[in-house]
Amino acid sequence: MDTNRLSKSLCAALNNQMTQEAHAAQIYLSYASWANSHGYDGIANFLFRHANEERNHMMKFLEYILERGATVKIDAIPGPGEAPSSVMDCFEKTFNQEVENTKSIYKIVKQSFDESDWATWNFLQWFVKEQTEEETLIMNMLDKLKIAGGEKASGESLYSIDRDLKSTPDSAQLAQEKTVEEP
Ligand code: OFO
């Protein structure tokens, strides 16, 4: 008896998204390492925490696919691409990657809607909210950097942004602990 509750196309889309979350984690790890090696310990800490979050997102997809009786396909994770050239570039790249991720999640939301797969549609609502939060978080960082002078920001202002991030309490709760009911 076949107990699989996901369509072939939704299963493929969810598996693909799972790999994209792993890819996002690689990007954050790479940028965090770049920040650390340039002396920005606060920024590195912020990015390392986000790498962890993305990994948790990957696990959420994996667990959901299994929960629906479908097959998880672990694939190769694409590399993170080039390291940033500056702090501004780091956050611009981060923002663009989050926007791309949002688009990719919206696609699966639409697909689940079109297939009337309400369980998957409901599961994805957590990610819709999470993406809004993440985009806002990075947007706020970009605003601060713009005020500091963008690409021309002085060492002093970058120093204080980095120091502030170091002392900011960890507002990024572990994604694993969040649920659709308690996002
Ligand atoms: Fe950047 O958040 Fe995952 O989905």
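These legends go with a few close-up views of a predicted model. Local features need pLDDT of at least 70 and side-chain atom pairs count only at pLDDT 80 or more, while totals for chains, interfaces and linings use all residues. Residues are numbered from 1 along each chain as its sequence is written, and side-chain values use heavy atoms, with hydrogens and water left out.

**View A. Helix α1, end to end.** Helices here are DSSP runs (H or I, at least four residues), numbered from the N terminus. Helix α1 covers residues 8-37, and its 30 residues should span 44 Å at 1.5 Å a residue (the expected span is 1.5 Å times one less than the number of residues). Just after α1, Gly 39 has a positive phi of about 90 degrees.

**View B. Helices α2 and α4 meet.** The axes of α2 (residues 41-67) and α4 (residues 118-147) come within 12 Å and cross at roughly 170 degrees. Those axes are lines fitted to C-alpha atoms over the stretch in contact, with angles running from 0 to 180 degrees between N-to-C directions. So α2 is roughly antiparallel to α4 (that takes an angle over 145 degrees). Contact means heavy atoms within 4.5 Å; among the residues making it are Phe 46 and His 50 of α2, and Trp 126 and Met 141 of α4.

**View C. Ser 104 in its helix.** Ser 104 is found in helix α3 (residues 87-114). With a relative accessible area of 14%, Ser 104 is buried (under 20%, using a 1.4 Å probe and protein chains only). Not counting residues up to four places away in sequence, Ser 104 touches Gln 17 and Gln 20.

Notes
Helices (H or I, at least four residues) and strands (E, at least two) are DSSP runs, numbered from the N terminus. Angles under 35 degrees count as roughly parallel, over 145 as roughly antiparallel, 65 to 115 as roughly perpendicular and the rest as oblique. Buried means under 20% relative accessible area, exposed over 50%, partly exposed in between (1.4 Å probe, protein chains only).
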